[in-house]
Amino acid sequence: MNARDTSAAGLARDPVPAGLIDGPFHARLAALSQARAWYGWAGCAAPVVLDQVEFEYFAIRNAASLFDISPMHKYRVSGPGAEAMLNRLVTRDVARIAPGRVGYVVWCDEEGMVIDDGTLFRFCADEFRLCCQEPMLGWLEDAAWGFDCTVTDESEAIAALALQGPTAHAILKAAGLDLSDLRPFAHRAPEVGLTVSRTGFTGDLGYELWIAREDALPLWDRLWEAGRAHGLRAVGHDAVNIARIEAGFPVAGVDFQPAQAAERLHRGRRPRELGLERLVDFGKGHFNGRRALIKAEAEGPRFRLLRLDIAGHKPAQGALVYHRKRKEVGHVTSGVWAPTAKRNIALAEIRAPWGTGRADDLWAEIQSCEEGVWERRMMRARPQAGAFFRPARARATPPADF
Amino acid sequence: MSRAFDAIVIGGGHNGLVAAAGLARAGRAVCVLERRDEIGGMAAEGAFSDGTPKPRMAHLLYNLSPAVLADLDHDRKALFETRALPTVCLDPEGGHVVVAEGRPHFADGAPHPEAGPYHALVSRLARFGAILARLAEAPPPQLAQGMTDLQGLRRLGTLGALGWDFRRIGRDEAREFLRIVLSNAHDVILDEIADGPLAGALAADAVRGAWAGPRSPGTVFSLMYRYARGGGAALPMGGMGAFCAGLAARARVLGAEIRTGAEAAAVLVEGDRVRGVRLADGSEIAAGCVLVAAGPMTAMRLAGPAQFDIEAVRRLRALRAKGTVAKVNLRLRDLPEMPGLTAGQMAGRLVLAPSVARVERAFDPVKYGEMSEDPVIEAVIPSLTDPSAAPKGGHVLSAIVQYVPHAPRGGWTQAGRDRLLATTLAALDRVAPGLSDRVAEAEVLTPADIEALTGAPGGHWHHAEMSLDQLLAVRPVNGLARYRFGPAGYYLCGAGAHPGGDVMGSAGRNAAAVALADGVAA
């Protein structure tokens with residue numbers, strides 16, 4: 001029998017599913033999908049867009065959005081040695097993340113190159129959950145060797161939804177969940193089996209809800225019902241991606257190469273090169289890559305991921321960036337027209353010294369095709385210090401009702 | 001905290017003592033902590049029940065570094081005395097071969113037909129070995145750069161970066177060196193001489209202490225190391241104990257303090273810098289510099305995995321160290337005859353390895369967790385050379401028996417040890433009939449016993465296999481190869497570091513030099 005012939009396989013036992021599998025909310029997402037546009041996210045069928053990207057984006061910014069983040073990898077780290085293990089893993093001081101808090105963390109290889117970033121939930125003194133984009137079980141098991149803790153992959157067992165947008169809090173209230181005093185980067189279990197964190201990937205007011213996979217659909221229905229009067233829409237990747245670029249969040253594999261997935265030399269990037277140096281605490285004792293990072297601090301960064309405000313309105317995705325229109329000094333990693341900021345924005349990796357000190361006189365070479373005619377234009381690119389979109393409502397506690 | 005030292009050396013084996021002497025000579029206050037009640041580690045002396053001394057594990061010096069001896073002022077004021085021993089290649093058929101000064105002849109005085117080719121081979125190994133020996137006297141070449149950029153890889157391609165200095169040898173010799181250095185002892189030996197006891201003894205020297213047979217790649221590298229100084233062996237007068245005592249005495253004269261019965265429980269680290277050692281009894285000794293002569297894994301555990309990068313711990317966990325050497329120590333009521341050998345010849349280094357093929361076959365069972373039925377043995381009867389070796393009469397026979405598994409299926413039992421003794425005696429009886437009837441007392445140390453006694457990982461002679469992936473710039477592992485071991489002020493100075501074991505003392509000497517160069521606060 002041909003090894004690929006699976007016609008008889010199901011008779012004996014369940015075959016390993018071929019292709020993408022359904023996530024915990026697939027039944028609801030499939031029913032809503034007008035666009036029928038799916039992409040693979042960690043092996044799950046995830047929506048690129050469900051209806052129209054514009055509708056979905058404006059739901060995120062002006063009302064509320066529901067986005068299935070279940071394909072994220074989730075790892076439980078528990079035991080008396082969990083804090084010490086995580087403190088050796090990540091660059092910031094885990095001891096300073098209190099129970100009930102969430103920390104944004106990055107972790108590096110021995111050369112100080114970023115492996116991935118993610119959110120670290122602390123439940124109590126010796127219980128944590130690490131959520132991230134890249135599969136990390138093998139690395140975490142290596143990291144846990146010699147520490148009194150266990151690492152459990154919860155990626156399959158836990159379903160998660162991102163409820164983001166100005167009316168997100170009102171929807172939770174309508175659903176019977178009172179979280180008005182939950183501060184940004186805090187989490188709580190308002191009901192048994194349900195954890196809600198005030199976190200998200202849009203830079204706006206928003207929450208992430210974590211629940212056992214078998215309870216996923218009732219949670220969706222409950223939020224959906226509560227959201228009827230608050231403009232709630234299910235959204236796909238494309239809308240969320242515009243929002244995260246506006247918020248200035250880098251994504252592994254897009255804005256930088258995760259060190260363990262990069263096969264070529266010198267493709268890794270250090271936290272400072274991604275603008276994440278605030279997450280590195282050299283004073284807390286040893287952590288992975290610390291010695292290499294201390295050396296690198298003396299040498300200075302080789303690159304810098306900058307937020308650029310680019311003239312015109314043609315998205316600069318993939319554009320090369322030049323100094324004085326002549327010298328190529330970097331490239332755009334994520335570029336998009338930001339409807340709320342009403343600017344043409346981009347994240348771009350710019351080489352030192354242009355990216356690190358003299359970030360002036362930068363130009364993005366934008367190529368566009370209008371009805372069969374290619375045009376190439378040099379557009380002024382101005383680095384910007386803060387996020388393109390950072391409303392005060394994102395941080396107000398209690399959140400205002402909309 | 002008790003009195004502070006500038007440096008602490010954990011482990012009172014020869015490398016620890018050499019490191020301590022090196023630091024003390026530079027005026028640093030040094031304290032050596034030895035877990036057991038006697039110093040020496042794998043070179044420690046033991047005694048039979050009647051008080052007759054025995055070389056417990058190591059029994060000869062093959063390769064003690066001249067640089068170490070010079071540092072210890074051994075030339076001006078001898079720390080210990082040695083006698084060079086000829087090598088006797090035993091032949092169960094009776095055609096024993098004696099090798100002295102690199103020239104073989106039959107034990108009965110007849111010329112050996114392959115004396116010429118043998119001498120040429122051994123001389124070449126010595127010339128090539130000298131390249132490696134120079135390398136052994138310094139920290140290994142640094143390849144950190146070489147592994148990560150193209151330019152470094154190109155440099156590596158020329159091997160210049162490995163510190164292999166070819167200027168002293170001609171182009172043809174350099175080509176020959178490169179042809180054989182990574183190859184196997186079986187091919188290189190049998191290219192030059194026919195298989196038999198003479199070839200077998202060379203093969204045995206290539207694999208002694210290793211989890212490798214003569215056909216394993218990299219065994220020529222070990223052979224070059226061993227033959228860099230001619231391949232001879234020396235017996236310390238007064239036993240290995242006198243050798244260790246000599247090192248310890250020199251270290252003490254230089255100002256080092258040596259504490260026995262002092263087990264280090266943890267190396268204390270603060271802010272990525274060593275600040276002292278906590279002993280098993282809970283007391284602490286402060287020092288800004290700690291050198292560990294134990295195995296690499298032990299050194300890592302003492303400071304704790306939190307002080308090391310995840311990759312480093314992963315590599316250390318994967319380090320291969322499966323000892324294959326057992327030790328059998330016999331006290332004999334009197335000496336049997338060895339047909340074909342004179343009493344003087346019996347005093348030599350007796351190598352029972354009748355052919356290269358039989359050494360390779362002896363290696364086969366250990367791959368499957370079983371011991372050789374026809375083992376390779378290196379035996380010495382120190383009491384024939386050194387009257388103090390058996391002060392109460394009788395004789396002592398010390399045998400290194402290979403290949404014996406570190407972890408046989410089901411673990412080591414008394415029955416297993418008995419079988420090991422019986423196998424050893426049966427093999428020796430074939431060249432010395434009646435030997436087993438003269439045994440008054442026997443001690444059997446399996447690799448597992450050696451590990452329990454010394455802490456050597458896997459009971460391994462070199463603390464980590466001397467294979468090509470664990471040598472030079474990647475010994476013990478990539479990233480920790482130049483004695484510096486994680487936190488600032490922490491060093492590995494044992495056989496697991498470059499250039500390995502064999503009672504060379506170079507690892508201890510080099511580590512002390514690196515620590516001093518880093519600036520051990522005085």
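Hi everyone, let's start with chain B, which has 17 helices and 20 strands. Please keep in mind that what we are looking at is a predicted model.

So how does the radius of gyration of chain B sit against the globule rule? The value is 22 Å, close to the 24 Å that the rule gives for 522 residues, so chain B is as compact as a globular protein of that length.

Now let's look inside. Of the 522 residues in chain B, 62% count as buried. Take the contacts in chain B between residues at least 6 apart in sequence: 73% of them join residues at least 24 apart.

And the outside? Chain B exposes about 18,900 Å², and carbon and sulfur atoms supply 52% of that area. As for charges, chain B has 54 positive and 54 negative ones, and their mean positions are 5 Å apart.

Last topic: cysteines. A quick reminder: a disulfide is a covalent bond between the sulfur atoms of two cysteines. How many disulfides does the structure hold over all chains? The count is zero. In chain A, Cys108(A) is in no disulfide, and its nearest cysteine sulfur, that of Cys132(A), is 14 Å away. Cys108(A) counts as buried because its relative accessibility is 0%, and the cut-off for buried is under 20%.

Over in chain B, Cys31(B) is in no disulfide either, with the nearest cysteine sulfur, that of Cys289(B), 13 Å away. Cys31(B) is buried too, at a relative accessible area of 0%.

Note on methods: Residues are numbered from 1 along each chain as its sequence is written. Chains are lettered from A and ligands numbered from 1 in the order in which they are written. This is a predicted model: local features need pLDDT of at least 70, side-chain atom pairs count only at pLDDT 80 or more; totals for chains, interfaces and linings use all residues. Side-chain values use heavy atoms; hydrogens and water are left out. A disulfide is a pair of cysteine sulfur atoms within 2.5 Å. Buried means under 20% relative accessible area, exposed over 50%, partly exposed in between (1.4 Å probe, protein chains only). Helices (H or I, at least four residues) and strands (E, at least two) are DSSP runs, numbered from the N terminus. The radius of gyration is taken over C-alpha atoms; the globule rule is 2.2 Å times the number of residues to the power 0.38. Contact means heavy atoms within 4.5 Å. Accessible areas come from the Shrake-Rupley method with a 1.4 Å probe; for residues, only the protein chains shown count as cover. Lys and Arg count as positive and Asp and Glu as negative; His and the chain ends are not counted. The place of a charge is taken as NZ of Lys, CZ of Arg, CG of Asp or CD of Glu.
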